[in-house]
Amino acid sequence: EFRDLILESSVIANALASNRAVVYSIAGDHLRNITEIYRRTAPVRPDDPLPNRVDIGNSLYSWLVGPEWLPLETGFRWMPGKGTVRLRGPASAGNKVSLDGYLPEEQLKRSPRHLTVLMDGIVLGQTEILHPESNFHRLFPVPESLTGKKEVAVEIRIDPVERINGRDLGVVISRIEI
């Protein structure tokens, strides 16, 4: 989707501040690096609101991912038994947390997985992943009491977790979004 190509201002600000992004101008007959000019003049500031989505496998979002996640691999990241992310709180009543992920078929053949999602310690819901589906998508309603918060912590728990090659592997989560 097109919106997947657009970074929110706080993600851009963090990437620029940590020298993980550059800005080029296409004006004229060649590309010109304008990163320093952009840093000084852009309306993007580090105190901008957090994004409402985190693409777990994209290194530009790593600053929003809790320390319990396993290291970033090529475009994805494993979560052990639990993982957290920071997001901007829901803007209005009726919002949902959208969770996209992946479980290898071999793991699901051995045992179904039980997934629980919490926001600021409040259980949003639980679901089971029973069938060997390569990718999954789940939605969880957000209580009105969390509407308008500047920042929320989303926690995902998965059970059981398998120990494979010395690592606890629970699930691959690709995106969390409000």
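The side chains of E8 and R88 meet in a salt bridge, with N and O 3.2 Å apart; the term salt bridge is used here for a side-chain nitrogen of Lys or Arg within 4 Å of a carboxyl oxygen of Asp or Glu. Because E8 lies in the segment before α1 and R88 in the loop between β5 and β6, the pair ties together parts that are 80 residues apart in sequence. Helices (H or I, at least four residues) and strands (E, at least two) are DSSP runs, numbered from the N terminus. The structure is a predicted model, in which local features need pLDDT of at least 70 and side-chain atom pairs count only at pLDDT 80 or more, while totals for chains, interfaces and linings use all residues. Residues are numbered from 1 along each chain as its sequence is written, and side-chain values use heavy atoms, leaving out hydrogens and water.

With a relative accessibility of 19%, E8 counts as buried, whereas R88, at 26%, counts as partly exposed.

Side chains of opposite charge can pair when their charged atoms come close. A search of the whole structure finds twelve salt bridges. One of them joins E155 to R157, where the closest N and O atoms are 2.6 Å apart. Here E155 is buried at 16% relative accessibility, and R157 is partly exposed at 39%. Another salt bridge brings together the side chains of E177 and R175, at 4.0 Å from N to O. E177 is buried, with a relative accessibility of 13%, and R175 is buried as well, with a relative accessible area of 13%. These two residues belong to a network of salt bridges that links R53, D55, R175 and E177.

The charges can also be viewed across the whole protein. There are 22 positive and 23 negative side chains, and the centres of the two sets lie 4 Å apart. In this count Lys and Arg are positive and Asp and Glu negative, with His and the chain ends not counted; each charge is placed at NZ of Lys, CZ of Arg, CG of Asp or CD of Glu.

Turning to the fold, the protein has three helices and 13 strands. Its C-alpha atoms fill a box of roughly 60 × 40 × 30 Å along the principal axes. Of the 178 residues, 42% are buried.

The largest nonpolar core holds 34 residues, and V85, V97, M119, I173 and I176 touch the most other members. A nonpolar core is a set of buried Ala, Val, Leu, Ile, Met, Phe, Trp, Tyr and Cys residues joined through side-chain atoms within 4.5 Å. Among the elements that each supply at least two residues of this core are α1 (9–17), β5 (82–87), β7 (113–119) and β13 (171–177). The largest share, four residues, comes from β10. Leaving aside neighbours within four places in sequence, M119 is in contact (heavy atoms within 4.5 Å) with residues including P90, V97, L124, V154 and I178.

N58 is partly exposed, with a relative accessible area of 28%. Its C-alpha atom is separated by 8.9 Å from that of R77, 19 residues apart along the chain.

Definitions and conventions: Buried means under 20% relative accessible area, exposed over 50%, partly exposed in between (1.4 Å probe, protein chains only).
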